[in-house]
Amino acid sequence: MLEKKVFETTINGSPRDGAGKKLSVEFNAIVSQANGAAFVTYGDTTILSTAVMSRNARETMEYFPLTVDYEEKYYAAGRILGSRFVRREGRPSEEAVLVGRLIDRTIRPLFDHRIRHDVQVVASTLSHDEEQSPDVTAIFAASIALLTSDIPWHGPVSAVRVGLIDEKFIINPTDAERAISLLDIVVSGGSGHINMLEGKAKEIPEDTFIAAVEVALKEINQLNAFQIDIARKIGKEKLEDLIRRVYRLDALNARYDEFMERYEPQNKPKSLFDMSAAYFAILKDDPQLPFALLPKDFLGEKAYHHYQSFMKYDAS
């Protein structure tokens, strides 16, 4: 059973919070079956983020199958749906969809896109203080869940929101402060660089905007250092074998395309077995692709689809 561990830091930079507002990260056995999971609390808002990856790759897929979802629940704000009969949650709100996109655009570029294992990252709001949006907290939670998991990922990343009131920058302003702020931007990224920037401003000078981004990066660097320290203490070893298999699949796909060029419809194979045997025959002596390590069902739907096209050509 996973021992409960809690790590804490402070997000500085806001006069409203004095010395700053506490950010805590908790790991426990509640979601121990996930590859990585963390409870992140900022103020009175708590986010549970989980990251999971399938055991088997979808080798015929032509893109990286990543799903990012943000779940908001009425119970997080102490509310219950008003209908007498329908107590279930409806479809995601527009805000939930937009928060999910913020998380996606921040973490997606840091994956190896040749991976063909399904990866799902889900951030769920367990409690909401109704004072400020949980979006930046959700981004941080997704990052720490991935960083401490065994899923190959080149993080960490963090995010902060920056406002401008009375010529002073406010880090993670409340909703009331955002309403009167001349600037409202969300900046996320790794140490020293920006992954994603979104927001609005009311005709502020360019130098002021650049200064706001620099203030955000300073906080982001501190949060990333905090995540790295956590990962060093409790992070799982990354599945580097998965990356090596990805390289092997790239080579297999290249050889498959080369193989298919030899089989024009006029010279179709007699059977799918003959087609598979001919394909593996050109691979078995390749020292870069040990025959014994080839995926068992590599041809799968890909080869079957081509074989069916040969049959259709013959029938016509």
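This is a predicted model: local features need pLDDT of at least 70, side-chain atom pairs count only at pLDDT 80 or more; totals for chains, interfaces and linings use all residues.
Searching the whole structure turns up eleven salt bridges.

Another of these joins Glu198 to Arg105, with an N to O distance of 2.5 Å. Glu198 sits in strand β10 (residues 196-201) and Arg105 in helix α1 (residues 94-107), so this pair ties together parts of the chain that are 93 residues apart in sequence. Glu198 is partly exposed at 37% relative accessibility, and Arg105 is partly exposed as well, with a relative accessible area of 35%.

Then there is the salt bridge between the side chains of Asp184 and Arg161, at 2.9 Å from N to O. Here, too, distant parts of the chain are linked: Asp184 belongs to strand β9 (residues 183-189) and Arg161 to strand β7 (residues 158-165), 23 residues apart. Are Asp184 and Arg161 buried or exposed? Both are buried. What else do they link up with? Asp184 and Arg161 are part of a network of salt bridges that also takes in Asp135, Asp175 and Arg178.

Now for the sheet. Strands of a sheet pair through backbone hydrogen bonds, and they can do so either parallel or antiparallel. In this model, six strands make an open sheet with mixed pairing, in the order β1-β2-β3-β4-β6-β5. Its edges are β1 (5-11) and β5 (66-71), each of which pairs on one side only. On average, neighbouring strands of this sheet are turned by 15° against each other, ignoring direction. Inside the sheet, β3 (residues 36-42) and β4 (residues 45-57) run antiparallel and are joined by seven bridges. Val40 stands opposite Ile47 of β4.

Which helices go with these strands? Helix α1, the one that holds Arg105, lies across β5 and β6 (117-127) and runs at about 140° to β5. Helix α2 (residues 135-147) packs on the sheet as well, touching β2 (21-27), β3, β4, β5 and β6. The direction of α2 makes about 150° with that of β3.

Definitions and conventions
Residues are numbered from 1 along each chain as its sequence is written. Side-chain values use heavy atoms; hydrogens and water are left out. A salt bridge is a side-chain nitrogen of Lys or Arg within 4 Å of a carboxyl oxygen of Asp or Glu. Helices (H or I, at least four residues) and strands (E, at least two) are DSSP runs, numbered from the N terminus. Buried means under 20% relative accessible area, exposed over 50%, partly exposed in between (1.4 Å probe, protein chains only). Two strands pair if DSSP finds at least two bridges between them. Axes are lines fitted to C-alpha atoms, for helices over the stretch in contact, and angles run from 0 to 180 degrees between N-to-C directions. Contact means heavy atoms within 4.5 Å.
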